[in-house]
Amino acid sequence: MAEQNLGLVAGTLDMLILKTLALEPMHGYGIALRIEQMSQGVFKVNAGSLLPALGRLERQGVLKAEWGATENNRRAKYYSLTRTGKTKLQAEAREWERQISAIARILEA
């Protein structure tokens, strides 16, 4: 677990949600937990940020949602990527890599 919990870099929440859902369909709590686990505790996404983002991405046609039962037999909305979502993830990942490279060049100058 990281010693310090930092907020997400502005504009990256959508990309992290899409990447998480590229692995498998998940409910909101599962998405937040997976992001925290994959970042080794550096990023924690609260429901106040996650749920509006999921709703926005669903309205954009990037995600689709279906009701299902959790491992604890609770009712939850499961999200998965659409074809548009897969395309958006690829575009956002390319843009993120481009920006990281530019920042690295500046820091190394």
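Start by selecting Met26 and Tyr79: in strand β3, Tyr79 is the bridge partner of Met26. Strands here are DSSP runs of E with at least two residues, helices are runs of H or I with at least four, and both are numbered from the N terminus. You are looking at a predicted model, where local features need pLDDT of at least 70, side-chain atom pairs count only at pLDDT 80 or more, and totals for chains, interfaces and linings use all residues. Residues are numbered from 1 along each chain as its sequence is written, and side-chain values use heavy atoms, with hydrogens and water left out.

**The whole chain**

Zoom out. The protein chain has four helices and three strands. From the N terminus, the order is α-β-α-α-β-β-α. The C-alpha atoms fill a box of roughly 55 × 35 × 20 Å along the principal axes. Of the 109 residues, 32% count as buried. Buried means under 20% relative accessible area, exposed means over 50%, and partly exposed is in between, with a 1.4 Å probe and protein chains only.

Now select residues 17-90. UniProt, in an unreviewed entry, places the feature "domain: Transcription regulator PadR N-terminal" here. UniProt positions are given in the numbering used here, feature names are shortened, and annotations may be inferred rather than shown by experiment. Over this stretch the chain is 53% helix and 22% strand. Its end C-alpha atoms are 13 Å apart.

**The sheet**

Select the three strands. They form an open sheet in the order β1-β3-β2, with antiparallel pairing. β1 and β2 stand at the edges, each with a single partner strand, so one side of each has no neighbour in the sheet. Two strands count as paired if DSSP finds at least two bridges between them.

Take β1, residues 26-27, with β3, residues 75-81. Two bridges pair them in the antiparallel sense. Next, take β2, residues 63-69. Seven bridges join β2 to β3, and these strands also run antiparallel. Select Leu63: it stands opposite Leu81 in β3. Then select Ala69, which stands opposite Arg75 in β3.

Follow the hairpin of β2 and β3, with five residues between the strands. Stop at Asn73 in that loop. Its phi is near 60 degrees, a positive value in a residue other than glycine. Asn73 is exposed, with a relative accessible area of 65%.

Jump to Gln40, in the loop between α2 and α3. Gln40 is not a glycine, yet it has a positive phi of about 55 degrees. At 62% relative accessibility, Gln40 is exposed.

**One more loop**

Go to Gln60, between α3 and β2. Gln60 is partly exposed, at a relative accessible area of 43%. Gln60 and Thr84 are 24 residues apart in sequence, and their C-alpha atoms are 9.0 Å apart in space.

**The core**

Select Ile17, Leu21, Ile31, Leu50, Leu54 and Leu63. These have the most contacts inside the largest nonpolar core, which has 19 residues. Such a core is a set of buried Ala, Val, Leu, Ile, Met, Phe, Trp, Tyr and Cys residues joined through side-chain atoms within 4.5 Å. α1, α2, α3 and β3 each give two or more residues to this core. α1 gives the most, with five.

**The pockets**

Select His27, Gly28, Tyr29, Thr70 and Ala76. Among the 18 lining residues of the largest pocket, these lie nearest its centre. A pocket is an open set of points on a 1 Å grid over the protein atoms alone, where a 1.4 Å probe fits, with protein on both sides within 12 Å along at least five of seven lines; lining residues have an atom within 4 Å of a point. α2 (28-38), α3 (47-59) and β3 each give two or more residues to the lining. β3 gives the most, with four.

Last stop: the second largest pocket. Its lining includes Leu8, Val9, Thr12, Ile35, Phe43 and Trp96. α1 (13-23) and α2 each give two or more residues to this lining. α1 gives the most, with four.
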